[in-house]
Structures are given as C-alpha cells and as structure tokens.
Amino acid sequence: MQRREFISGSLAAICLASPVLAFAKSATKPALQRFAQSPWLSNGIAVATDGSCFLNFPRFQGHLKSPALARITEKGPVAFPGNQWNRWQPGDDGVNTLVNVNACHIFGDNLLWVVDQGAAEGEKPGPGAAKLIAFDRTSGEVKKLIRFDKTSLPEGGAPNDLRIHGSLIYVTDSGLGGIIIHDLASGKTVRRLSASTLLRKPENAIQRGFKGRVLQDASGKKPAVHSDVIEVTADGEWLYYATP
C-alpha cells in the first residue's frame, strides 16, 4: 500500500464491507475504497504482514493536538505506544516524545520505524529532538533510537522519509536537501549530496497539494520542500529520490 492514497480525515471509522464483497466489487469495478478515517491529519501509513496498521500525524500548524502516531483498531485510531511518547505539548523539548512524525514504515525487521522531525512546523528542533525510532509493534518498546547531530542534520534540515536495505538506513532531508545514511552495524552516520541542486526544488517550480492547490500560507508564502520521496531497489544497487 502506498502512503497518502487512501487516508481521509473525519470521525474514526472502519469500512464495514466484508473482504469477500470488497474483492468482488474491486474485480468487477476497480475503485479506491475507504480503509480508515482519522480525526487528525495523517500523511503516512504502515501495514504489517499480519494486517496490523499504523498511521502517523505530522504536527503542521493548526494540527498540534494529535498523538503523532496511532494503531488502527475497530474503534478507530488509538495512540501508540500509548505512553510518554504520545504526550508532547507545545513548549516541550521533544527529546523523549514524538513531536512531528512525517513517516512510518515496517521493513524486514518487523519493527515500526518512524521519522520524527523533532519540532512542529515552522519551529526549530532542539538538540536530540530530531530522531528515528523503531518500536516493537506489539509492546511499543523502543528497540532502536537514532538521533541526528549537527553534522548529519545541520540547522534548517528536516528528516523526511526513510528506507532500509541491509544494515543501511537512508533518510531524505527535505529542509536543506540531502541524504543521511546511518549504518546500523557500525553506528556511524554520514551525510551525502548536501544542498546539491539534484536534491533541491528548482527555484521556478511551484509545489502543489490536493487537487492541484498551490501550497502557500495565509500570507502567500510558498514553502520549499526539497528531497522527500525515496526508494531503494530490492538488490540495493540503486537509490531513488525526488522533490515533491
């Protein structure tokens, strides 16, 4: 399943159609089907092989009251892991809470990986607030915690999305443009292609949102989102990245 394709905001609910009926309908008349709804803005979903699903909620302006991460249940999204990690409040340092989660994924290690930018939209993260966290999907226990220093994530940087191949974690920086690579085996982190034109939004490009709406704030200021989407081929030979 691809992120951003089928998540809609409203009251929490789960599609009531049976899997058999849903399959029959999709076979005869292909169409998107509502899978889940959320009262909070969501831009990422992770689906495990056992069917368990998780949503992440970025804290953009006007969307600060979410739990940042949740598991989808029959009753709707429930904060995950459901402890201090979900209790960030404006003014907190964000070191040991989920502040602004922009992506969540489940890879071959079967852990729930999340990318936390460490600060709400428009704010600067404090030391150690920007991080990658891998949770045990059942217990919510933190299995991996990777923080970014000023070398791997300079001021103005914003970790956006990640992929894992072997022991290497690849992370896009949408704030400055760049690729951060962390080696789980050695614990070392390096930064590559920092601020390269290959990873930065062209000056004359206009970035658009839902139904082609130009992305801009109330004053007309347009954001510049740099390297965002990322993928690694199954053999690990090629890394793909792009601006939105």
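Where is the place of R137? R137 sits in the loop between β9 (131-135) and β10 (142-147); strands are DSSP runs of E, at least two residues, numbered from the N terminus. The model is predicted: local features need pLDDT of at least 70, side-chain atom pairs count only at pLDDT 80 or more, and totals for chains, interfaces and linings use all residues. Residues are numbered from 1 along each chain as its sequence is written, and side-chain values use heavy atoms, with hydrogens and water left out.

**View 1. Surroundings of R137.** R137 is buried, at a relative accessible area of 10% (buried means under 20%, with a 1.4 Å probe and protein chains only). A polar atom of the R137 side chain lies 3.1 Å from the backbone oxygen of N110. Residues that R137 touches (heavy atoms within 4.5 Å) include D50, F54, F80 and N110, not counting residues up to four places away in sequence.

**View 2. Ring pair of F54 and F80.** The ring centres of F54 and F80 are 5.1 Å apart and the planes stand at 65°, so the pair is edge-to-face (ring centres within 6.5 Å, planes over 60 degrees apart). F54 belongs to strand β4 (residues 53-56) and F80 to the loop between β6 (76-79) and β7 (101-106), so the pair ties together parts 26 residues apart in sequence.

**View 3. Ring pair of F80 and F135.** Here the centres of the F80 and F135 rings are 6.0 Å apart with planes at 80°, so this pair is also edge-to-face. F135 is buried, at 0% relative accessibility, and F80 is buried at 4%. Ring pairs link F54, F80, W85 and F135 into a cluster.

Methods
Helix = DSSP H or I, 4+ residues; strand = E, 2+ residues; numbered from the N terminus. Buried < 20%, exposed > 50% of the residue type's maximum accessible area, 1.4 Å probe, protein only. Polar contact = N/O pair within 3.5 Å; in protein donor to acceptor, adjacent residues only side chain to side chain. Phe/Tyr/Trp six-rings, centres within 6.5 Å; stacked < 30°, edge-to-face > 60°.
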